[in-house]
Amino acid sequence: MAAKPDARPVVIISRRGADRIRAGHVWVYRSDIVEAKDVQPGALVTVQELSDKNVRPTRPLPGTNVRPARPPRTLGTAFYSTASQIALRMISLHPVGDVDQLLRERIRDAIAYRERFVENTNAYRVVFSEGDLLPGLIVDRYNDILSMQVLTQAMDLDHIRSGVVSELKEKLQPAAIVEKVDVRVRQLEQLPYKESGLIFGQKTSTEFQMNGVRFLYEALGGQKTGAFLDQRENYAAAEKYARGEALDVFCYQGGFGLHLARTCEKVTGVDSSLPALEIAEKNAQLNGREIEWIEANAFDLLRDYSDQGKKYDCIVLDPPAFAKSKRDLATALRGYKELNLRALKMLRPGGILVTCSCSYHVSASDLLEVVASAAQDLHRIVRILENRGQSKDHPTVLGIPETAYLKCLLAIVS
Ligand code: SAH
């Protein structure tokens, strides 16, 4: 039985916290919590703003000098975490009766959104946490296998998990659902240790396609795979402009490279992870493509190749997030500059640069500035063909800047 809304614990937050919510965000940091008495991990709570009589006094009662206390302003309903610095994640600006029902509706909405906007793939993000108003839940679909990640105390509660799983089963009819555990996140949320594993069905490997390119998927075990689904639409964009000789730097299991192989004469993929390259090769075989894979540190390889005067017609740079926090920004920008400088040096006139950053702390204009300054150093002219972000199955919600993190610039270099 769902508790009555008025029986819910109340958490009182500061004006600063409330202002963030009014601006469209859904997080309240612990430093903005004024009162949260005996609230259980993952509890559904009513969120109220601290009433501050000095800020906006109420009107005096007619004919008197008495100003009644301002009633606390209720901001909505949220999940509470006793451990995270993000103490509250709003799930509604209204009272919520049956939370299980609400989450089922959100999952149905998320699926309907994908049916409407996601094309030419059977692999995509079905639920993108805050981006789908389901904070703390990520679900990816790889053909007939779903991979689910639980990131908060609330989403880990038994009744929530079982509602989520049953809705996913009913609507998507997967052969299996696998839970992918992020051990560090569970530690931070003070959730008990748990290993990745099947939570429904038996199947743990399958094949999926993105834009008609085939990929292997292995959910568990040593040869784990997966994909950067957020780049899917950028693969198609890169493929459209690329030709000649292409270099896919930070290639992982071949996402860009396999697409480029359809329009380029020769493709080379570079990554420091041998297991990733082994799967990249299997993916290449699956598609009947010949691609050269090189295990190397990208920084060393780019330095050596550019010093040797090697040239390409298309270079993709898709490094891991260099700026994990704001503090790393300056170092991260130096890293991006180095990579882009080397790539520009190696591009033939008319060559295509595809340069990405998945660091939330590096803004789109930061990345543009990095490329501009590299171009200036080398006296190259760079024209932006497309200034892209993440695929539409990773929706960006206005008011929640953290839901936008991926930048992908496509440019022609003369
Ligand atoms: N472009 C890929 C995703 C890249 S993820 C795709 O679309 O699927 C980042 C990759 O960078 C990982 O595969 C990781 O192994 C690799 N990597 C991290 N540091 C590296 C380094 N210094 N040199 C080369 N590869 C590196």
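In what order do the 5 strands of the open sheet with mixed pairing follow one another? The order is β7-β8-β9-β10-β11. Helices (H or I, at least four residues) and strands (E, at least two) are DSSP runs, numbered from the N terminus, and two strands pair if DSSP finds at least two bridges between them.

The model is predicted: local features need pLDDT of at least 70 and side-chain atom pairs count only at pLDDT 80 or more, while totals for chains, interfaces and linings use all residues. Residues are numbered from 1 along each chain as its sequence is written, and side-chain values use heavy atoms, with hydrogens and water left out.

**The chain as a whole**

The protein chain holds 10 helices and 20 strands. Its C-alpha trace spans about 85 × 50 × 35 Å along the principal axes. Of its 414 residues, 51% are buried, where buried means under 20% relative accessible area, exposed over 50%, and partly exposed in between (1.4 Å probe, protein chains only). Among the contacts with a separation of 6 or more, 65% are between residues 24 or more positions apart; a contact means heavy atoms within 4.5 Å. The accessible surface comes to about 19500 Å², and carbon and sulfur atoms contribute 51% of that area. These areas come from the Shrake-Rupley method with a 1.4 Å probe; for residues, only the protein chains shown count as cover.

**The sheet of 5 strands**

In the sheet β7-β8-β9-β10-β11, strands β7 (123–128) and β11 (197–200) stand at the edges with a single partner strand each, so one side of each has no neighbour in the sheet. Neighbouring strands of this sheet are turned by 25° against each other on average, direction ignored. Strand β10 (residues 176–179) pairs with β11 in the antiparallel sense over 3 bridges, and Ile177 stands opposite Phe200 in β11.

**The sheet of 7 strands**

Another open sheet, of 7 strands with mixed pairing, has the order β16-β15-β14-β17-β18-β20-β19. Its edges are β16 (292–295) and β19 (382–388); each has a single partner strand, so one side of each is left without a neighbour in the sheet. The twist averages 15° from one strand to the next. Strands β18 (residues 347–357) and β20 (residues 407–413) run antiparallel and are joined by 7 bridges, with Cys356 standing opposite Cys408 in β20.

**Helices lying on the sheets**

Axes are lines fitted to C-alpha atoms, for helices over the stretch in contact, and angles run from 0 to 180 degrees between N-to-C directions.

| Helix | Strands | Angle |
|---|---|---|
| α5 (residues 232–241) | β18, β19 and β20 | about 150° to β19 |
| α7 (residues 274–286) | β15 (266–271) and β16 | about 175° to β16 |
| α3 (residues 158–172) | β7, β8 (137–142), β9 (145–150), β10 and β11 | about 160° to β9 |

**Two residues with positive phi**

Most residues other than glycine have a negative phi. Ser129, although not a glycine, has a positive phi of about 45°. Ser129 lies in the loop between β7 and β8 and counts as buried because its relative accessibility is 7%. Gln173 is likewise not a glycine and has a positive phi of about 45°. The place of Gln173 is in the loop between α3 and β10, and Gln173 is exposed, with a relative accessible area of 64%.
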